[in-house]
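I opened my notebook today to look up a few spots in a protein chain. Here is what I wrote down as I went.

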Amino acid sequence: MPQLGLLHGRSWAALLRQLLRPPRVVCIGAVYSHSQVVEAVLTSQLKPHQEKSNFIIKTPKGTRDLSPQQMVVREKILDVIVSCFKRHGAKGLDTPAFELKEMLTEKYGEDSGLIYDLKDQGGELLSLRYDLTVPFARYMAMNKLKKMKRYHVGKVWRRESPTIVQGRYREFCQCDFDIAGEFDPMIPDAECLKIICEILSGLQLGDFLIKVNDRRILDGMFAICGVPESKFHTVCSSIDKLDKISWKDVRHEMVAKKGVAPEVADRIGDYVQCHGGLSLLEQMFQDPRLTQSKQALEGLGDLKLLFEYLTLFGIAEKISFDLSLARGLDYYTGVIYEAVLVQTPAQAEDDLLNVGSVAAGGRYDGLVGMFNPKGHKVPCVGLSIGVERIFSILEQRMKTFGEKIRTTETQVFVATPQKNFLRERLKLIAELWDAGIKAELLYKNNPKLLTQLHYCENMGIPLVVIIGEQELKEGVIKLRSVASREEVAIKRENLVAEIQKRLFES
């Protein structure tokens, strides 16, 4: 056997030691052992990290952490919003934070460039969701659903330039409510506007106005003004900027960048600078040019019906028919709306209130059909609440008025004035937890009583239960009010009932 020639008089043990010896690396003019090579590689990998003396710990641009105090404000906002959604019969839904890229493309018009694409991690091209509406439409089509009333609270991501002071971020929370299904005209649409009114009133943001328009009116207006149909969407995205820039700048963009003829832009300007209520709606019905468009007439008819329902809901005075409202997203097909805060002259210079819309939405009857192989449509209408912008306003107001925010909901603190009472405190707090009472204790064997009482005052905890040798001997617990500092002795077996009674009364 040729392998035996390897021995050359050496023992099997010697050959085995040679085979198991770590390899040596030979470079020009030097020989390095295996351990020396490993050390050199590790050193080279660690060195860059050691040299990052100027490394700054921060959140990515357009994102932020929320402190416990901020989370309290955020949760109160979400509670008002979700409670309203549930009051109107909506079911909860959640979808993945990322979708197949092809599901999101060609749904957002010029805003498609703001979608965050993810690196290919295994054969699927993925993108972070841009909003909650397209994932909802995909869910409806994928599950072959024809009807649903749902709400969804979740984060979305947009690659735009953030304006933190105005509540604009690259990562932010959206709260959506949508009604999908075939129903009689404008009833679901009117309910969506009622929901916006209820939420904004409930959050006590001050006076607000909801602008409404219809994409069919816009398309009809573009057609009679001479805009080629191929440019409807791009002109619409320009009109959508009228709440941020002047008509002069919008006109310049349409003419210089989008190839709209100057006289066409001027005709559009005559319309988009009009806003009012039912009187403007009646005026548009008499417009000889606009009424030439079948699409525009359909939109005007639906808006007239919508105003009838809004009057019955008692919110018509909060609604303004505004021909400048465009909503740049491509998927809208009918009624569109946007809520803004109304500023007094004294507030006009306050950047905080210049946050843009605080709620928006509209009808999108064709979106579900885009995901259906046979193109079967499911009419939908919905709304989205601008949580981050609302949060910015309420947070600043609380700072201005110096409101103190409790970061916990603890109702009772378990304390002792004596040493070696940890076991008794643990047994007592377990009783409270098992009874559904929110309770805390200090994680120390022998904490000082004064330290425990100061903690309660600082955290806003209303009640303290105190157990010591005397209480244990007599079978009672001292119940102390933190605000009044009054103490009473309660029998151990009656403690839970007494605490629950006091909490209910407060």
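**Entry 1**

I began with strand β9 (residues 275-276), which runs antiparallel to β10 and is joined to β10 by 2 bridges. Strands here are DSSP runs of E with at least two residues, helices are runs of H or I with at least four, and both are numbered from the N terminus. Two strands pair if DSSP finds at least two bridges between them. I noted that this is a predicted model, where local features need pLDDT of at least 70, side-chain atom pairs count only at pLDDT 80 or more, and totals for chains, interfaces and linings use all residues. Residues are numbered from 1 along each chain as its sequence is written, and side-chain values use heavy atoms, with hydrogens and water left out.

Strand β8 (residues 208-214) pairs with β10 in the parallel sense, over 3 bridges. Which residue stands opposite Phe 321 in β10? I found Val 212 there, and Gly 276 is also a bridge partner of Phe 321.

In a regular strand the side chains alternate between the two faces of the sheet. In β10 (residues 319-322), Ile 319 and Phe 321 are on one side, Ser 320 and Asp 322 are on the other, and all are buried. Buried means under 20% relative accessible area, exposed over 50%, and partly exposed in between (1.4 Å probe, protein chains only).

**Entry 2: two listed positions**

UniProt, in an unreviewed entry, places the feature "binding site" at several positions, including Leu 132, Asp 178 and Arg 327. Its positions are given in the numbering used here, feature names are shortened, and annotations may be inferred rather than shown by experiment.

I looked up Asp 178 in strand β7 (residues 171-180). Is Asp 178 buried or exposed? Asp 178 counts as buried because its relative accessibility is 1%. Its side chain makes a polar contact of 2.5 Å with that of Arg 150. A polar contact is a pair of N or O atoms within 3.5 Å; within protein, one must be able to donate a hydrogen and the other to accept it, and residues adjacent in sequence count only if both atoms are side-chain atoms.

Leu 132 is in the loop between β5 (126-128) and α5 (133-142), and counts as buried at 0% relative accessibility.

**Entry 3: a salt bridge**

Arg 327 and Glu 338 meet through their side chains in a salt bridge (3.1 Å, N to O). The term means a side-chain nitrogen of Lys or Arg within 4 Å of a carboxyl oxygen of Asp or Glu. Arg 327 is buried at 16% relative accessible area, and Glu 338 is buried at 6%.
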